[in-house]
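Please look over the sequence and the model below.

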Amino acid sequence: MPASPTSAPTSAPTPDPTPDPHDALATDRLLLRPVRAADVPAVTRLWTDPEVRRHLGGPVTEQVVRIRQRRVVGAPGVHAVVRAADEALLGLVTVEPGAREGETEVSYQFLPEYWGHGYAREAVAVVVQATLVDTPSVVALTQEANHRSRRLLEAVGMTHVSSFVEYDAHQVLYRRRR
């Protein structure tokens with residue numbers, strides 16, 4: 001006999017175990033969620049801090065920062081990485097479908113005071129894993145001289161596939177397939 005519209009369902013629906021890379025993601029220590037308006041000051045630091053931008057072409061100009069500030073809140077594929085214990089914004093992990101010759105690219109930047117604690121590795125790993133649910137491969141680009149970033153990419157299972165010069169610097173491309 002069908003349930004009446006006012007009766008409660010007899011069992012809860014089974015949740016889909018496959019993570020959607022567009023939803024919030026979590027690890028034991030981190031929450032990855034869309035950027036909120038309150039995050040903009042910390043995100044702006046990511047774009048303007050010389051140490052963060054050392055291997056990313058230098059600090060972003062004020063005009064570009066203003067444009068990005070208007071667009072980053074809730075932007076698809078941009079994950080604010082927040083420490084679960086105190087909700088501090090640590091950095092960003094961004095997923096761009098079709099960004100590099102049709103492949104999905106993951107990029108990341110973290111504030112210097114959070115370097116060396118494994119947060120970036122943890123965040124990038126969960127984003128790559130979730131992204132690979134819907135796409136056959138993920139790529140990431142870093143400067144050849146950025147040894148910390150290269151170790152991170154290798155730690156999350158990515159493999160160095162090519163080296164080239166772009167943006168007036170030696171770059172390395174990493175890939176991970178399903």
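A residue is called buried when its relative accessible area is under 20%, exposed when it is over 50%, and partly exposed in between (1.4 Å probe, protein chains only). By that rule R175 is buried, with a relative accessible area of 19%. The model is predicted: local features need pLDDT of at least 70, side-chain atom pairs count only at pLDDT 80 or more, and totals for chains, interfaces and linings use all residues. Residues are numbered from 1 along each chain as its sequence is written, and side-chain values use heavy atoms, with hydrogens and water left out.

**Helix α4**

- Helices (H or I, at least four residues) and strands (E, at least two) are DSSP runs, numbered from the N terminus.
- Helix α4 spans residues 147-155, and its buried residues are S149, R150, L152 and L153.
- Seen down the axis of α4, these buried residues fall within an arc of 160°, so they line one face of the helix; the arc is that of the directions from the helix axis to the C-beta atoms.
- H147, R151 and A155 lie on the other side of α4 and are exposed.
- The buried residues of α4 pack against β5 (103-110), α3 (119-131), β6 (137-143), β7 (159-166) and β8 (169-177), where contact means heavy atoms within 4.5 Å.
- After α4 comes G157, which has a positive phi, near 90°.

**Salt bridges**

- Side chains of opposite charge can pair when their charged atoms come close.
- A salt bridge here is a side-chain nitrogen of Lys or Arg within 4 Å of a carboxyl oxygen of Asp or Glu.
- The structure holds nine salt bridges.

**The pair E103 and R175**

- E103 and R175 form a salt bridge, and their closest N and O atoms are 2.7 Å apart.
- This pair links distant parts of the chain, with E103 in strand β5 and R175 in strand β8, 72 residues apart.
- E103 counts as buried, at 17% relative accessibility.

**The pair E105 and R100**

- A salt bridge joins the side chains of E105 and R100 (3.7 Å, N to O).
- E105 is buried at 11% relative accessibility, and R100 is buried with a relative accessible area of 16%.
- R100, E105 and E166 are linked in a network of salt bridges.

**The pair D86 and R83**

- In the salt bridge between D86 and R83, the closest N and O atoms are 2.6 Å apart.
- D86 counts as partly exposed because its relative accessibility is 43%, whereas R83 is buried, with a relative accessible area of 19%.
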